[in-house]
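Please examine the sequence and the three-dimensional model shown here.

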Amino acid sequence: MLKKHVKNNVYWVGKVDWELRKFHGDEYSTHKGSTYNSYLIQEEKTVLIDTVWAPFAEEFVENLAKEIDLNKIDFIVANHGEVDHSGALPALMERIPDTPIYCTANAVKSLKGQYHQDWNFNVVKTGDKIDIGNGKELIFVEMAMLHWPDSMATYLTQDNILFSNDAFGQHLATEKLFNDLVDQCELFYESIKYYANILTPFSPMLRKKLDEITALNLPIDIIATSHGVIWRENPMQIVEKYAKWANDYQENQITIIYDTMWNGTKALAERIAEGIASADSEVVIKLHNLAKNDDNDMITEVFKSKTVVIGSPTICNSILHSVAGFIHLMKQLRFKGKKAAAFGCYGWSGESVKIINELMSGAGFEILGEGLRNHWNPDSDSQKAAVKFGKMIAEN
Ligand code: FEO
């Protein structure tokens with residue numbers, strides 16, 4: 001790590017993880033790597049905001065010690081206890097064991113639960129302030145359930161920097177640091193993927209929190225997240241995106257997601273897509289085989305969709321595990337205001353469509369029709385029926 005200048009006496013002292021391909025265990029794909037952003041504020045008080053993921057703890061502490069005398073750190077702000085931000089605390093606190101840690105009450109529970117240490121915790125609540133000298137203050141804003149109970153943001157007055165932790169972040173490795181210096185397509189794809197896969201269930205809380213932050217009337221020049229780039233060019237653009245995404249977001253898109261054993265269900269999927277296209281020339285149609293795609297990318301497509309068409313053949317009176325697992329993932333994320341339809345081939349008993357309808361209804365989707373069941377491989381009549389089914393979906 002070489003410390004990188006953010007603004008005035010604020011520096012980035014984090015870790016860029018170019019190799020990361022899976023996050024939260026294997027739950028979240030990170031095709032573009034990630035960063036763990038830690039910040040050093042050097043005013044009259046020296047403040048460290050967050051640290052990095054545990055595998056980089058020693059490297060982080062050694063590098064930080066090359067930048068400053070660790071004993072000069074007056075206090076640490078732990079915006080969030082999850083290990084990707086707190087993972088270097090044990091190594092750091094071994095070197096400076098009495099240093100105060102400012103965090104929420106829930107973060108104390110989280111950090112004690114994870115590290116079993118009785119560090120010098122100082123609990124803060126929304127609106128609490130700390131004077132760090134030179135006329136500047138840190139103001140704390142609790143961000144409960146965005147996305148953990150302990151989450152918090154910290155605002156630096158005068159420099160007008162919001163250290164937002166996970167909120168407004170993306171899993172995107174870059175040496176460039178700022179939003180205006182990276183590929184905008186990559187940036188916004190990784191931002192919406194992050195929202196879709198991590199923040200969707202907490203959208204109602206996010207709507208309230210955005211209102212609360214707006215009411216505080218704090219000027220924001222920079223949003224310094226804990227993953228990916230720092231928003232310095234028009235930082236409110238990502239806040240505006242979040243306001244849209246938090247409001248049961250959908251685009252004019254229908255996504256067909258299926259798995260198939262011998263390509264019968266795949267043939268239905270392709271005919272359904274033709275039917276949708278013939279009935280609606282405007283709608284964006286995406287067609288994906290779950291077995292050949294990444295679940296988190298598929299969740300991003302679901303997030304953008306108004307309707308999701310799910311297909312599986314029947315196997316052992318049930319559905320393929322890829323489809324069952326994906327519906328479970330959608331249920332966890334609590335999508336709102338979306339429709340769904342089911343289809344699938346069968347040779348013997350043919351329960352897949354009924355099962356998909358039940359599972360998708362349980363996942364909060366409005367079900368269109370009874371679904372499309374097809375005995376054996378689709379012949380020309382059943383292919384026509386699939387086209388008709390696609391038209392029905394487009395018209396609803
Ligand atoms: Fe980036 Fe919730 O940790």
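In this predicted model, about 1200 Å² is buried between domain 1 and domain 2, with 54% of that area on carbon and sulfur atoms. Domain 1 spans residues 4–245, and domain 2 spans residues 253–394. The contact draws 14 residues from domain 1 and 12 residues from domain 2. Taken over C-alpha atoms, the centres of the two domains are 39 Å apart.

The interior may be considered next. In soluble globular proteins, nonpolar side chains tend to be buried together. The largest nonpolar core in this model comprises 89 residues, and F168, Y242 and M330 have the most contacts inside it. Helix α5 (residues 184–199) supplies the largest share of this core, namely seven residues. Because domain 1 and domain 2 both give residues to the core, it lies between them.

When neighbours within four places in sequence are left aside, Y242 is in contact with A167, F168 and G169, with Y194, Y195 and L199, and with L206 and L210.

Attention now turns to strand β22, which covers residues 339–346. Is this strand largely enclosed by the rest of the structure, or largely open? Seven of its eight residues are buried, that is, under 20% relative accessible area, so strand β22 is largely enclosed by the rest of the structure.

The pairing of β22 with other strands can be followed in turn. Strand β19 (residues 307–311) runs parallel to β22 and is joined to it by five bridges; within this pairing, V309 has A341 of β22 as its bridge partner. Strand β24 (residues 372–375) is also parallel to β22, with four bridges between them, and Y346 is partnered there by H375. Two bridges connect β22 with strand β23 (residues 366–367), again in parallel orientation, and K339 has E366 of β23 as its bridge partner.

Note on methods:
Residues numbered from 1 in each chain as written. Predicted model: local features only at pLDDT ≥ 70, side-chain atom pairs only at ≥ 80, totals over all residues. Heavy atoms only, no water. Buried < 20%, exposed > 50% of the residue type's maximum accessible area, 1.4 Å probe, protein only. Pairing = 2+ DSSP bridges. Core = buried A, V, L, I, M, F, W, Y, C linked by side-chain atoms within 4.5 Å. Domains from an automatic or database assignment. Contact = heavy atoms within 4.5 Å. Buried area = accessible area lost by both parts, 1.4 Å probe.
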